[in-house]
Amino acid sequence: MSLKPREKYKGQTRRLLLAFDIGTTFSGVSYSILDPGKVPEILPVTRYPSQERAGGDIKIPTVIYYDKTGKPCVTGAETLADGIEEDAEDNGWTKAHWFKLHLRPRPKLRNFLGLFSKLGLSSETISIPPLPLGKTVVQVFADYMRYLHECAKRYIEDTHGEKLWSSLKGDIMFILTHPNGWGGPEQVQMRQAAVQAGLIPDTEQGRSRVAFVTEGEASLHFCLSNGLSITGDDENSGVLIVDAGGGTIDITSYRKLEDHSFEEIAIPACEHSLDPPTSEKAS
C-alpha cells in the first residue's frame, strides 16, 4: 500500500504554502511552492538562525526566553547556544517551554488526575511549567509563530531568491498541525495566534488562509511518502499510526479505499505523556 500519486496543483496563480509543526518540545517548518499545472514538492526548512556553522537541523526546540520587559530575546535554535542558561539567569530572562500543553483540552487533564488518584500518584507528576508572568498561551504561540515565519522567510530567500518571497508573501497559505484530541476551541486560539503574529490579517479572508491537520494524519502522509508499504490490497488492509511526541501521544488507524485514499476506522486517540520529555529528564 502506498500513497496515490500527488495531483498537479490546480490553482491559477503561483502560491506559497507554509506548514508549522509546533510540538511540545521540538518544532519544524515545511513549505511548498505551488505552480499551476505542476506536482507540488514538499520541502523542509533545514537551517535556522545560529545553526549556520552547525550544519542545521529540521527540528528546533520549542522554547522562548523573554527579557524583563516581556519581549522574546532568544528563541528556538538560538536557545541551544552554549551558556544560554547562565545568560538567562544573569539577565533575569524567563523561559517559556512546554507552553503547547496550556492549550490542551481541559477534560483530558481531569481524566489523568482521576487516573493518578486511582493509582495513588500525585498530580505533580504531570505538572506543566507556568507561562511567563503576564503572558497568555495565545501570546506565546504568536511569538513562536512569528519566529518560525521569519526563519522560513530567511531560508526561502536564501534558497530561492528574495524576489520569489516578495512576490508570494502577501497570500501565503498556512497549515498548522495539532494533536488528535484538539478541535474547534484550540483551532480558534491557534488562528488568533497567527493573527497576533502578523501572519494573516484579522479578516474573514485572512483567517481562511489558515488550515489545520491532525498530527496523526500528518504522520500518515509522512510515512506513506517515505516508503511505508503494507502487504495486501483489499479493504481490510490498514495501518496504525502511533506518534509518540514530547508531550502527547497520538494513535490513529486508517484503512485503504478503492481509490487508494485512506479513511479513519476508529476514533483517533490523544493522550498526554506521563513523564517529562527525554531532553528535559537528561538536563
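## Model and overall make-up

The structure is a predicted model: local features need pLDDT of at least 70, side-chain atom pairs count only at pLDDT 80 or more, and totals for chains, interfaces and linings use all residues. Residues are numbered from 1 along each chain as its sequence is written, and side-chain values use heavy atoms, with hydrogens and water left out.

The protein chain has eight helices and 13 strands. These are DSSP runs, numbered from the N terminus: helices are H or I with at least four residues, strands are E with at least two. Of the 283 residues in the chain, 40% are buried. Buried means under 20% relative accessible area, exposed means over 50%, and partly exposed lies in between (1.4 Å probe, protein chains only).

Contact means heavy atoms within 4.5 Å. Among contacts with a separation of 6 or more, 63% are between residues 24 or more positions apart. The chain exposes about 15500 Å², and carbon and sulfur atoms supply 51% of that area. Accessible areas come from the Shrake-Rupley method with a 1.4 Å probe; for residues, only the protein chains shown count as cover.

## Nonpolar cores

In soluble globular proteins, nonpolar side chains tend to be buried together. A nonpolar core here is a set of buried Ala, Val, Leu, Ile, Met, Phe, Trp, Tyr and Cys residues joined through side-chain atoms within 4.5 Å. The largest one has 44 residues. L16, L18, F20, F141 and M145 have the most contacts inside it. Elements that each supply at least two residues of this core include strand 1 (15-22), strand 2 (26-34), helix 3 (137-160), helix 5 (184-196) and strand 9 (210-214). Helix 3 gives the largest share, 13 residues.

F141 touches I22, F99, K100, L103, M190 and A193, leaving aside its neighbours within four places in sequence. A second, separate core has six residues, including V239, I241, Y254 and F262.

Strand 8 is largely enclosed by the rest of the structure, because six of its six residues are buried. In a regular strand the side chains alternate between the two faces of the sheet. Here M173, I175 and T177 point one way, and F174, L176 and H178 point the other way.

Two strands pair if DSSP finds at least two bridges between them. Strand 8 pairs with strand 1 in the parallel sense over four bridges. Opposite F174 of strand 8 stands L18. Strand 8 also pairs with strand 9, again parallel, over five bridges. There, H178 has T214 as its bridge partner.

## Salt bridges

Side chains of opposite charge can pair when their charged atoms come close. The structure holds 11 salt bridges. The criterion is a side-chain nitrogen of Lys or Arg within 4 Å of a carboxyl oxygen of Asp or Glu.

R47 is partly exposed at 30% relative accessibility; D158 is exposed at 57%.

R146 and D143 meet at 2.8 Å, N to O, in another salt bridge. Both lie in helix 3, three residues apart, about one turn of the helix. R146 is partly exposed at 36%, whereas D143 is buried at 11%.

A further salt bridge joins R207 and D202 at 2.7 Å, N to O. R207 is partly exposed at 32%, and D202 is exposed at 55%. R15, D171 and R209 are linked in a network of salt bridges.

## A buried aspartate and a surface patch

D35 lies in the loop between strand 2 and strand 3. D35 is buried, with a relative accessible area of 18%. Leaving aside neighbours within four places in sequence, D35 contacts Y9 and R14.

L240, V242 and I251 form a nonpolar surface patch, with about 270 Å² of accessible area together. Patches are made of residues with over 30% relative accessible area and no salt bridge; like charges are joined within 9 Å, nonpolar side chains (Val, Leu, Ile, Met, Phe, Trp, Tyr) within 5 Å. L240 is in strand 10 (residues 238-244). L240 counts as exposed because its relative accessibility is 56%.
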